[in-house]
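Visitor: Hi, I have a model open and would like a guided look. Could you show me the structure and start with the sheet?

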Amino acid sequence: MIYCVSMRPSTVVVCVLALCWRGALAEPSPTIAAAASAIIPGLGQAAQGDYTTAAEHFSVFALTLGAGLHYQNKSDFLLDEDRYQHEREIVNQTTLRRDFFLRVAGDTALYSSFAAYRDGRQRDPRAYRTPAPKESLSDLALAPFKWDFLSRPTTFIPLALQLLALRGDKYGVYRAPDVSQRDLYAYEFTANEFTAVGEEGFFRGFLNNELSDRWGNGWGLAGSSAIFGLAHTGQGQAANAVQAGLAGAYLGWVHQRNSFQIGEGVALHYWINVIAGIGAIRHGGSAQLVSISLPF
């Protein structure tokens, strides 16, 4: 799972200015549009002339980013040194809300990038060796619950292995008194919907497709998997770079096998994350946060 990706402000400014200048001359290529929307959600759509979608993507991103930063600045927000311990993670309501809103903001940027690439590819008359993405947001949102995907061996076998792996995983999420077990389950089932759609859209729907078109399926898969691994920190429930790289290679292979459509990958990614999250909740429990009050 990816919580945030940061870039230096100077880099962002240079990229945005370059992309805006390119867009002023002509409609950008699908690759440029995707890169633009990854930096500022909706920018690629605006460059393509789809201002309504651009406004929708940017509004969701700005509102959820603002909400996440609001909760992060609250006095009871748990810093990493207080939150993460050896095989333990402690969350309170403020931290949980911050995590949710920042995940939605980040995943909105990832999905916006994919959507700009998808729409640009469908209009681009140039020849590509890889098929253009076709799936809509509603297609991807429903993908984790489609029997067509869940009944495939390429989906249910990895999920069965994930269930077996939980026996040896002792990582636990411990909740403060203001967080119920129901809150944690609701978080896992909803936040991972955004993560599965956003990450599969960006890393497979955009990067794996684009790199496979340029370098061939083998090197394209290697490149997109490496980038997927490097984007993961290994902190908390998130996979480390090696684990994420291996998972990205499998998801990328499934993506290529399915004519470069990402529905099955979204379903697989969602349930892997949910199973891991439920396991962490069950391995955890309640935790009393310690506060010290001095008499002066």
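Guide: Happy to! The chain has an open sheet of 4 strands in the order β1-β2-β3-β4, with mixed pairing. Two strands are paired here if DSSP finds at least two bridges between them. Strands (E, at least two residues) and helices (H or I, at least four) are DSSP runs, numbered from the N terminus.

Visitor: Before we go on, what sort of model is it?

Guide: This is a predicted model, in which local features need pLDDT of at least 70 and side-chain atom pairs count only at pLDDT 80 or more, while totals for chains, interfaces and linings use all residues. Residues are numbered from 1 along each chain as its sequence is written, and side-chain values use heavy atoms, with hydrogens and water left out.

Visitor: Thanks. Back to the sheet, which strands stand at the edges?

Guide: β1 (84–85) and β4 (285–286) do. Each has a single partner strand, so one side of each is left without a neighbour in the sheet.

Visitor: And how do β1 and β2 run?

Guide: They run antiparallel, joined by 2 bridges. Q85 stands opposite R88 in β2. The hairpin of these strands has 2 residues between them, and E87 takes a positive phi near 55 degrees there.

Visitor: What about β2 and β3, parallel or antiparallel?

Guide: Parallel: β2 (residues 88–91) and β3 (residues 172–175) pair over 4 bridges. E89 has V173 in β3 as its bridge partner, and V91 has R175.

Visitor: Nice. How many aromatic pairs are there?

Guide: A search of the whole structure finds 13. Rings of Phe, Tyr and Trp (its six-membered ring) pair if their centres lie within 6.5 Å; planes under 30 degrees apart are stacked, over 60 edge-to-face and the rest tilted. F189 and W271 make an edge-to-face pair, 6.5 Å centre to centre with 75 degrees between the planes. That pair links distant parts of the chain: F189 is in α10 (residues 181–215) and W271 in α13 (residues 263–283), 82 residues apart.

Visitor: Where is G205, and what does G205 touch?

Guide: G205 is in helix α10. At 0% relative accessibility, G205 counts as buried. Leaving out residues up to four places away in sequence, G205 touches F114, Y117, P133, E200, H255 and I262. Contact means heavy atoms within 4.5 Å.

Visitor: F114 is in that list. Which residues have the most contacts inside the largest nonpolar core?

Guide: Y111, F114, L140, V197, I262 and V266, in a core of 13 residues. A nonpolar core is a set of buried Ala, Val, Leu, Ile, Met, Phe, Trp, Tyr and Cys residues joined through side-chain atoms within 4.5 Å. The elements giving two or more residues to this core are α6 (93–123), α10 and α13. α13 gives the most, with 4 residues. Apart from it lies another core of 11 residues, among them L96, V173, L184 and A191.

Visitor: So how enclosed is α13?

Guide: 15 of its 21 residues are buried, so α13 is largely enclosed by the rest of the structure. α13 reaches 31 Å from its first C-alpha to its last, close to the 30 Å expected at 1.5 Å a residue. The expected span is 1.5 Å times one less than the number of residues.

Visitor: Last one: which residues of α4 are buried?

Guide: T53, A54, H57, F61, T64, A67, G68 and Y71. What covers them includes α3 (43–47) and α6.

Conventions: Buried < 20%, exposed > 50% of the residue type's maximum accessible area, 1.4 Å probe, protein only.
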